[in-house]
Amino acid sequence: MQFSTSCSPFIPANTSVSLVMRQVLIALTPVLGVMFWLFGYTVLLHLLLASSTALLAEAGCLWLRKRAVTIHLLDYSALITATLLALAIPTIAPWWMSISGTLFAIIIAKQIYGGLGYNPFNPAMAGYVFLLISFPQQMTAWQTPYTFLPISDSLNLIFSGSVAFDSISSATVLDSIKTTKTLGTSLLDLRSSSLFGFIAGQGWELISLAYLTGGLWLLYRKIISWHIPTAVLLSLCIPTSIHYLIDANNVANSPLFQLFSGASLCGAFFIATDPVSAAASNTGRLYYGALIGLLIYVIRSWGAYPDAVAFAVLIANLAAPAIDVYMRPKSTSQR
């Protein structure tokens, strides 16, 4: 008598890498829609450039490493990196910035370590920091919200630079606050300026709300757990609230302003929750998220860069292995 046997695992998994990545892409759809509404076609141009570059770079690296190309491309991880990076790059940045940043993210921050599952740093944030440090002027020239360009002007602006972007660009609120602090002037005048909306920067609060909507969708679909987002947002709000009680006239001390400014909500739900570069255990995720939120507050308050999410995430990536060692769950015999 012969018995039919099979290899473990005997319970099939109800999820996969491609399924998880597709859900993340769906969660980013509201952000893409809001940014298209605020900035126009330039968002789509950078998304197309970054996505094409990511797929080609991923395929080239896999071919050189003699790995299956199609299977790895269909896990959508390269598209996630490209999308997050394209949404973080200024919409009027030159075309070569999307390409160079994506190449750095895919080749240097991901494939050089062995590909998906082996990268110690978040690839999208590594590419963003590479661009920010290398080209600070281009990375801080954001298009003014609700300033739309015809398609021809958008193409000329991004590919040839023949359209002057000074007339349609402006500093973000976080950048203006950092400049005001450097000059030693009061921040009270910023509240009445055109840069401000209801809570934070005009237009940017809508983008943050879109990230929050997508993050809640990921929580609802159980793609991410609550530990990291909760720890990031709480550790950012607690010191900010204490600072706000001491100096309520400083607009940067408002907890709501900190949450809806910059990439706070994007970092909490889409960047810090990267399962590869984050802590593994639930307890470790709480410490990992708390470290990110605290670093965001410290760098925004006393650092040289206006927004600190990318730097905070990369520093926490370095600490993730140590957090996993000390927060490792005890075995039953040790309890």
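Patches are made of residues with over 30% relative accessible area and no salt bridge, with like charges joined within 9 Å and nonpolar side chains (Val, Leu, Ile, Met, Phe, Trp, Tyr) within 5 Å. This is a predicted model: local features need pLDDT of at least 70, side-chain atom pairs count only at pLDDT 80 or more, and totals for chains, interfaces and linings use all residues. Residues are numbered from 1 along each chain as its sequence is written, and side-chain values use heavy atoms, without hydrogens and water.

**View 1. A nonpolar surface patch.** F36, Y41, L44, W95, W96, I151, L155 and F159 make a patch of about 700 Å² (Shrake-Rupley areas, 1.4 Å probe; for residues, only the protein chains shown count as cover). Helix α8 gives the largest share, 3 residues (helices are DSSP runs of H or I, at least four residues, numbered from the N terminus). L155 lies in α8.

**View 2. Helices α1 and α2.** The axes of α1 (residues 17-39) and α2 (residues 42-64) come within 8 Å and cross at roughly 130° (axes are lines fitted to C-alpha atoms over the stretch in contact; angles run from 0 to 180 degrees between N-to-C directions). L32, M35, F36 and F39 of α1 touch T42, V43, L44 and L47 of α2 (heavy atoms within 4.5 Å).

**View 3. A salt bridge.** K110 and E58 pair at 2.9 Å, N to O (side-chain nitrogen of Lys or Arg within 4 Å of a carboxyl oxygen of Asp or Glu).

Conventions:
Helices (H or I, at least four residues) and strands (E, at least two) are DSSP runs, numbered from the N terminus.
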